[in-house]
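Subject: Structure handover

Dear colleague,

Here is the structure we discussed, with its sequence. My notes on it follow below.

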Amino acid sequence: MNPKIRLIPPSVNARNILKAIASLSFLLHCLNATSIAQSGEAQSGWQALLTQPGEIYAGIELTTEGIRAIALRVSRSEEESGLKLIYSENIRLALGRADDGQFAPQAAKEAAQTVLKLLTRLRQQSQAQPERVFLIGSSGLGADRPEGLVKAISEATGKSLTFLDVETEIQLSVVGTISRLWKVGDTQIDNRNSSALIEINGDRTLGGYQLLKYPSNAPPRYDFVTMSVHHGAADAFRQALRGERESKPGLINRRRVYLTGSVPWAMATLLYPEDQQPFVQLTSEEIERFVERAARAPRELLNPNLSSIRDKDLRQKAETELQAVKSAFTPQQLAAGAEMLRTVASEFEWRGKQIWFARFGYLGCLLSYVRLQAEK
């Protein structure tokens, strides 16, 4: 019998997400130092983290474009409460489907073996107990119940895969990527109530924002507004975006936009390979420049000159990121993705807004999910 595919439990809803995670996205600022390496220095630093008090919780997430893993140390002591990210890894793996819409057996097998490798690493090196390692699948993978993929993972790992619905996935990503507060001068403002998250990948565009509501007969409360648009013909995509913006005004009137997904990642990497900061500020004019270059000279765009980067370690990081982009995009795919990005920027009126590429935003959903499990 095929293993049962489980959706996220009903208890993991907007109220629980907000209650459990107040400002999780501070983790995104320290991810540069957390990726696993085999050097003695890196291993020594990681082992030092493991010796500190706290429980280890971990997670693995499958998406249409890769498989990622994290480990968190959760401390519940009075002296040091909170959490610390001790490990993260992202393996780019296109989980494509065959002509019949199902995952090819070889693709499912490769995904299962990748999950097993990450699971073994989490158990052996982060010392995460099996019951504290969670496997989730993105809504893009689970929409049509991929029994073959689930069975392959279950047989390889002995664990079940929980698929998120699209609304929950976006909610978790918003909370895991956008910081709760934003400082303007000496004043702290509600950042999530004045920002929107947009994720643009090769197959679809997701987005959403947190909204403070004032019911007439109840205290104020937070809610989420979400959207999901699959890519297709240019006119149909534009019309779908217009339908979303008409019913969800926050997509237009929010002054800050946080970008995640493979297309913004490619843009930030190709235009600014030297900028490896967790958040990279962009403009609508730079998006236009990116689109023009992707259409006119994509091969040149995919091979930027790194000679101006003097720092050896920074150049190595830039080279690694550039190679990953070139592996993920053909010139034609890059041009198509850039056009999608421009369409979103135009329809959602980004000119004059603060636009931030969240480099580690791809971990936002998984970070939030694992934190929720640790809070139970």
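**Helix H5 and its surroundings**

The buried residues of H5 pack against strand S2 (55–62), helix H3 (105–125), strand S5 (133–137) and strand S6 (162–163). Helices (H or I, at least four residues) and strands (E, at least two) are DSSP runs, numbered from the N terminus. Buried means under 20% relative accessible area, exposed over 50%, and partly exposed in between, with a 1.4 Å probe and protein chains only. Contact, here and below, means heavy atoms within 4.5 Å.

This is a predicted model, in which local features need pLDDT of at least 70 and side-chain atom pairs count only at pLDDT 80 or more, while totals for chains, interfaces and linings use all residues. Residues are numbered from 1 along each chain as its sequence is written, and side-chain values use heavy atoms, with hydrogens and water left out.

H5 itself covers residues 147–157, and its buried residues are Leu-149, Val-150, Ala-152, Ile-153 and Thr-157. Seen down the axis of H5, these residues fall within an arc of 160 degrees, so they line one face of the helix; the arc is that of the directions from the helix axis to the C-beta atoms. Just after H5, Gly-158 has a positive phi of about 75 degrees.

**Overall figures**

The protein has 14 helices and 14 strands. Of its 376 residues, 52% count as buried. Among contacts with a separation of 6 or more, 72% are between residues 24 or more positions apart.

**The six-stranded sheet**

An open sheet is formed by 6 strands in the order S11-S10-S9-S12-S14-S13, with mixed pairing. Two strands pair if DSSP finds at least two bridges between them. S11 and S13 are the edge strands, each pairing on one side only. From one strand to the next, the twist averages 25 degrees.

Strand S14 (residues 354–358) is mostly covered, with 4 of its 5 residues buried. S14 pairs with strand S12 (residues 256–260) in the parallel sense over 4 bridges, and with strand S13 (residues 279–282) in the antiparallel sense, also over 4 bridges. Phe-357 of S14 is the bridge partner of Leu-259 and also of Val-280. Trp-356 of S14 is the bridge partner of Gln-281.

Thr-226 counts as buried because its relative accessibility is 17%. Leaving aside neighbours within four places in sequence, Thr-226 is in contact with Glu-167, Ile-170, Gln-171, Gly-207, Gly-208, Glu-244 and Lys-248.

**Nonpolar cores**

A nonpolar core is a set of buried Ala, Val, Leu, Ile, Met, Phe, Trp, Tyr and Cys residues joined through side-chain atoms within 4.5 Å. The largest has 45 residues, of which Ile-198, Phe-290, Leu-334, Phe-348 and Trp-350 touch the most other members. Helix H9 (residues 262–271) gives the most to this core, with 7 residues. A second, separate core of 30 residues includes Ala-128, Leu-141, Val-150 and Ala-152.

Not counting residues up to four places away in sequence, Phe-290 touches Met-267, Leu-270, Leu-271, Leu-301, Leu-334, Ala-338 and Leu-341.

**Helix pairs**

The axes of H9 and helix H13 (residues 331–347) come within 9 Å and cross at roughly 105 degrees. Axes are lines fitted to C-alpha atoms, for helices over the stretch in contact, and angles run from 0 to 180 degrees between N-to-C directions. H9 is therefore roughly perpendicular to H13 (angles under 35 degrees count as roughly parallel, over 145 as roughly antiparallel, 65 to 115 as roughly perpendicular and the rest as oblique). Val-263, Ala-266, Met-267 and Leu-270 of H9 make the contact with Leu-334, Gly-337, Ala-338 and Leu-341 of H13.

Helix H6 (residues 166–177) and helix H14 (residues 364–375) pack at about 95 degrees, their axes 7 Å apart, and are therefore roughly perpendicular to each other. On the H6 side the contact is made by Glu-169, Leu-172, Ser-173, Val-175, Gly-176 and Thr-177, and on the H14 side by Gly-364, Cys-365, Ser-368, Tyr-369 and Leu-372.

**Arg-315**

Arg-315 is in helix H12 (residues 312–328) and is partly exposed, with a relative accessible area of 30%. Arg-315 touches Leu-306, Ser-307 and Ile-309, not counting residues up to four places away in sequence. Arg-315 and Pro-273 are 42 residues apart in sequence and 8.3 Å apart in space, C-alpha to C-alpha.

Regards
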